[in-house]
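Welcome! Take a moment with the sequence and the model, then try the exercises below, each followed by a worked solution.

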Amino acid sequence: MRINVIKPGLATSVQDGGREGYYHLGIPPSGGLDQYSLRMANLLVGNPPDAAVLELTLMGPELQFEADALVALCGARMIPRLDGQPMPLNSVFRVRNGQVLSFGPASAGCRGYLAVAGGIQVPEVLGSRSTYTLGALGGFQGRTLKAGDVIRLGDAARADPREGLSAPDEFVPALAREVTLRMVTGLYIHRLTDDAVSRFFDDTWNVSTEADRIGYRLKGGAPLAFHPRTPPFGAGSDPSNIVDACYPIGSVQVPGGLEPIVLLRDAVSGGGYMTLGTVISTDLDIIAQLQPHHRVRFVPVTLEQALGARQAQRQKLEQLSQRLSAV
């Protein structure tokens with residue numbers, strides 16, 4: 001079973017649950033930026049939750065199927081069109097051999113996740129099929145899709161999908177233009193003055209056009225003031241510089257105290273900028289759906305609250321799986 005790529009879309013790539021266990025070697029996890037939507041799409045078509053899908057960004061591809069397949073699109077509101085006819089989001093529908101599946105531009109959200117029963121079959125690299133484009137690693141030849149590519153599909157017989165199956169509305173995430181992100185404050189926030197910390201959390205920030213799988217740059221808030229210091233050897237003169245530190249996925253750095261950058265699943269694993277803290281893992285799904293000029297505020301939470309939110313999200317996906325199985 002194969003899919004022919006007629007048009008590639010803006011930045012379409014193969015992603016799965018991620019490539020864990022190599023970040024200490026400088027290889028980021030990659031994987032779907034919106035893990036919840038990726039897993040929901042897979043559950044709908046009967047795949048394992050972390051199976052490989054196509055991640056669509058703002059403008060989706062045009063795909064011709066060479067065999068019948070059951071598919072589902074979750075995440076951004078990018079209306080799928082089958083031979084020009086609109087199809088439902090968050091639902092399983094059939095594509096026949098020879099039909100062309102295309103997508104409208106994202107009217108809400110930023111990234112859609114197209115799951116195909118049987119999964120996307122590209123070679124596993126370090127245990128994952130996810131694409132890391134900076135390292136030309138994994139996915140389809142280590143890059144985003146191009147016109148003329150041919151994508152192979154897995155065995156749908158193992159998936160046992162059901163045509164017409166839909167995710168209940170209460171499991172479909174809202175895609176807001178203004179969001180609040182929960183953040184666990186980090187080791188270096190003490191470098192800011194108390195007033196600067198308060199202003200950071202009080203301000204509303206705007207997503208810039210520099211927003212991709214590596215990170216989102218935010219603008220529009222007040223510059224952040226640092227406590228004066230004598231720079232340690234090797235740190236440099238910029239007050240936001242440190243000698244070196246590891247960067248968790250979701251960490252927030254503010255070079256020069258001017259524009260926060262939230263590091264995402266294709267980011268480097270360390271460097272010389274201090275970090276204010278880390279956006280909790282569940283809220284990284286929210287960032288993934290933000291478009292340029294959408295608005296962001298931060299709120300501090302404890303580690304216990306972050307772990308509770310992660311557990312709640314896992315339980316929600318388990319409940320979704322049970323609801324779909326019971327239909």
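This is a predicted model: local features need pLDDT of at least 70, side-chain atom pairs count only at pLDDT 80 or more; totals for chains, interfaces and linings use all residues.

Residues are numbered from 1 along each chain as its sequence is written, and side-chain values use heavy atoms, with hydrogens and water left out.

**Exercise 1. Describe how H1 packs against H4.**

Step 1: Know what to look for. Two packed helices are described by the angle between their axes and the distance between the axes.

Step 2: Find the helices. Helices are DSSP runs of H or I with at least four residues, strands are runs of E with at least two, and both are numbered from the N terminus. Helix H1 covers residues 35-45, and H4 covers residues 303-326.

Step 3: Read the geometry. The two axes are 10 Å apart and meet at an angle of about 15 degrees. Here an axis is a line fitted to C-alpha atoms, for helices over the stretch in contact, and angles run from 0 to 180 degrees between N-to-C directions.

Step 4: List the partners. H1 brings Tyr36, Arg39, Met40, Leu43 and Leu44, and H4 brings Gln313, Lys316, Leu317, Leu320, Ser321 and Leu324. Contact means heavy atoms within 4.5 Å.

Step 5: Sort them by class. The contact of H1 with H4 has 7 nonpolar, 2 polar and 2 charged residues. Ala, Val, Leu, Ile, Met, Phe, Trp, Tyr, Cys and Pro count as nonpolar, Asp, Glu, Lys and Arg as charged, and the others, Gly among them, as polar.

**Exercise 2. How many residues of H1 are buried, and what do they pack against?**

Step 1: Apply the cut-offs. Buried means under 20% relative accessible area, exposed means over 50%, and partly exposed lies in between (1.4 Å probe, protein chains only).

Step 2: Count. In H1, 10 of the 11 residues are buried, so this helix is largely enclosed by the rest of the structure. Among them are Gln35, Tyr36, Ser37 and Leu38.

Step 3: Look around. The buried residues of H1 pack against strands S2 (13-15), S3, S5 (69-75) and S10 (111-116), and against H3 and H4.

**Exercise 3. Work out how H3 sits against H4, then zoom in on alanine 288.**

Step 1: Take the axes. Those of H3 and H4 come within 7 Å and cross at roughly 70 degrees, which makes H3 roughly perpendicular to H4.

Step 2: Name the contact. Ser281, Thr282 and Asp285 of H3 meet Ala309, Arg310 and Gln313 of H4. By class, this contact has 1 nonpolar, 3 polar and 2 charged residues.

Step 3: Check burial. H3 is largely enclosed by the rest of the structure, because 6 of its 8 residues are buried.

Step 4: Zoom in. Alanine 288 belongs to helix H3 (residues 281-288) and is buried, at a relative accessible area of 1%. Residues up to four places away in sequence aside, alanine 288 touches Leu33, Asp34, Cys110, Arg111 and Tyr216. Tyrosine 216 is 72 residues away along the chain, yet its C-alpha atom and that of alanine 288 are separated by 9.1 Å.

**Exercise 4. Which parts of the chain does the salt bridge of glutamate 55 and arginine 213 tie together?**

Step 1: Recall the rule. A salt bridge is a side-chain nitrogen of Lys or Arg within 4 Å of a carboxyl oxygen of Asp or Glu. The total by this rule is 14 salt bridges.

Step 2: Check the distance. The closest N and O atoms of glutamate 55 and arginine 213 are 2.9 Å apart.

Step 3: Glutamate 55 lies in strand S3 (residues 53-57) and arginine 213 in the loop between strands S14 (205-211) and S15 (215-219), so the pair ties together parts that are 158 residues apart in sequence.

Step 4: Judge the surroundings. Glutamate 55 is buried at 1% relative accessible area, and arginine 213 is buried at 12%.

Step 5: Widen the view. Glu55, Arg213 and Asp266 are linked in a network of salt bridges.

Key: Angles under 35 degrees count as roughly parallel, over 145 as roughly antiparallel, 65 to 115 as roughly perpendicular and the rest as oblique.
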